[in-house]
Amino acid sequence: MYTILVVDDSPFIVDVFVTMLERGGYRTVAAYGGEECLEILKTVTPDLILLDIMMEPMDGWETLEKIKENPATKEVPVLMLTAKQLTPAEAQEYGPFIEDYVLKPITHRELYDAIEHVLSRRQNIRTDVDKAAKSGADDELVGEYARLSKGIDVNKRLMKILETTYSFNDTKVRVSEDLSRALKTMDTDLRFQEARLQQLKTELAGKLA
């Protein structure tokens with residue numbers, strides 16, 4: 001049974017998601033804000049954190065930074081679960097540190113699917129890394145393979161959110177151009193990452209089989 005830490009400064013929202021998760025067979029821990037989340041992580045290591053952004057006094061992004069700065073918690077996967085629309089700047093700055101970005105409101109099935117996608121991807125990458133390590137693959141190549149495998153999947157999901165969130169027919173041409181440029185930059189970076197991942201797969205061929 002997976003343990004999920006739910007973090008939101010609204011007790012009502014926390015209770016809603018705790019109920020949803022427990023109905024889905026997950027064990028839950030509740031934190032009513034960023035500071036309480038960090039305190040809980042001193043004694044509990046969840047399999048996944050569901051983290052809201054719009055919290056006070058410590059918002060979700062600051063909480064995320066503190067989680068990832070701490071060697072004891074930096075490997076805990078974090079899924080942002082929020083009503084806040086994602087911006088290109090946030091996608092570029094925080095994308096490397098999150099597992100997914102899911103918008104509220106969300107159905108039971110959508111929430112379960114998002115969680116299972118994160119946990120399954122994490123397990124698949126761990127399996128590949130273990131196989132490669134046992135086969136004597138270079139540690140740096142294996143580490144890069146793991147980072148890119150996760151990062152590419154996350155970035156694709158973030159780009160899809162951005163593309164469906166923003167209208168490029170906006171009368172504010174300057175804003176639209178800025179958004180368009182940001183998406184093109186993300187797309188270019190993603191293509192480079194995919195090309196590098198393919199190179200790594202070729203170099204590690206036989207070790208991941």
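Helices here are DSSP runs of H or I with at least four residues and strands are DSSP runs of E with at least two, both numbered from the N terminus. Counted that way, the chain has seven helices and five strands. Before we go on, a word on what you're looking at: this is a predicted model, where local features need pLDDT of at least 70 and side-chain atom pairs count only at pLDDT 80 or more, while totals for chains, interfaces and linings use all residues. Residues are numbered from 1 along each chain as its sequence is written, and side-chain values use heavy atoms, leaving out hydrogens and water.

Start at the N terminus and walk along: the elements come in the order β-α-β-α-β-α-β-α-β-α-α-α. The radius of gyration (taken over C-alpha atoms) is 18 Å. Along the principal axes, its C-alpha atoms fill a box of roughly 50 × 50 × 30 Å.

Now find the sheet. Two strands pair if DSSP finds at least two bridges between them, and here five strands form an open sheet in the order β2-β1-β3-β4-β5, with parallel pairing. At the edges stand β2 (27-31) and β5 (100-103), each with a single partner strand, so one side of each has no neighbour in the sheet. Let's look at the pairs inside. β1 and β2 are joined by five bridges, and L5 sits opposite V29 in β2. β1 is also joined to β3, by four bridges, with V6 partnered by L50 in β3. Three bridges then link β3 and β4, where I49 has V78 as its bridge partner in β4.

What covers the two faces of β3? In a regular strand, side chains alternate between the two faces of the sheet. On one side of β3 are L48 and L50, on the other I49 and L51, and all of them are buried, meaning under 20% relative accessible area, with exposed being over 50% and partly exposed in between (1.4 Å probe, protein chains only). Across the whole chain, 43% of the 209 residues count as buried.

A nonpolar core is a set of buried Ala, Val, Leu, Ile, Met, Phe, Trp, Tyr and Cys residues joined through side-chain atoms within 4.5 Å. The largest one has 39 residues, and I49 and Y101 touch the most other members. Among the elements that each supply at least two residues of this core are β1 (3-7), β3 (48-51), β4 (78-82) and α7 (173-203), but α6 gives the most, with nine. Leaving aside residues up to four places away in sequence, I49 touches L5, V7, L41, I67, V76, P77, V78 and L79, where a contact means heavy atoms within 4.5 Å. Apart from this core lies another, of 20 residues, including V6, V18, Y112 and L119.

Finally, hop over to E116, in helix α5 (residues 108-134). R147 lies 31 residues away from E116 along the chain, and their C-alpha atoms are separated by 19 Å.

Terms used: The radius of gyration is taken over C-alpha atoms; the globule rule is 2.2 Å times the number of residues to the power 0.38.
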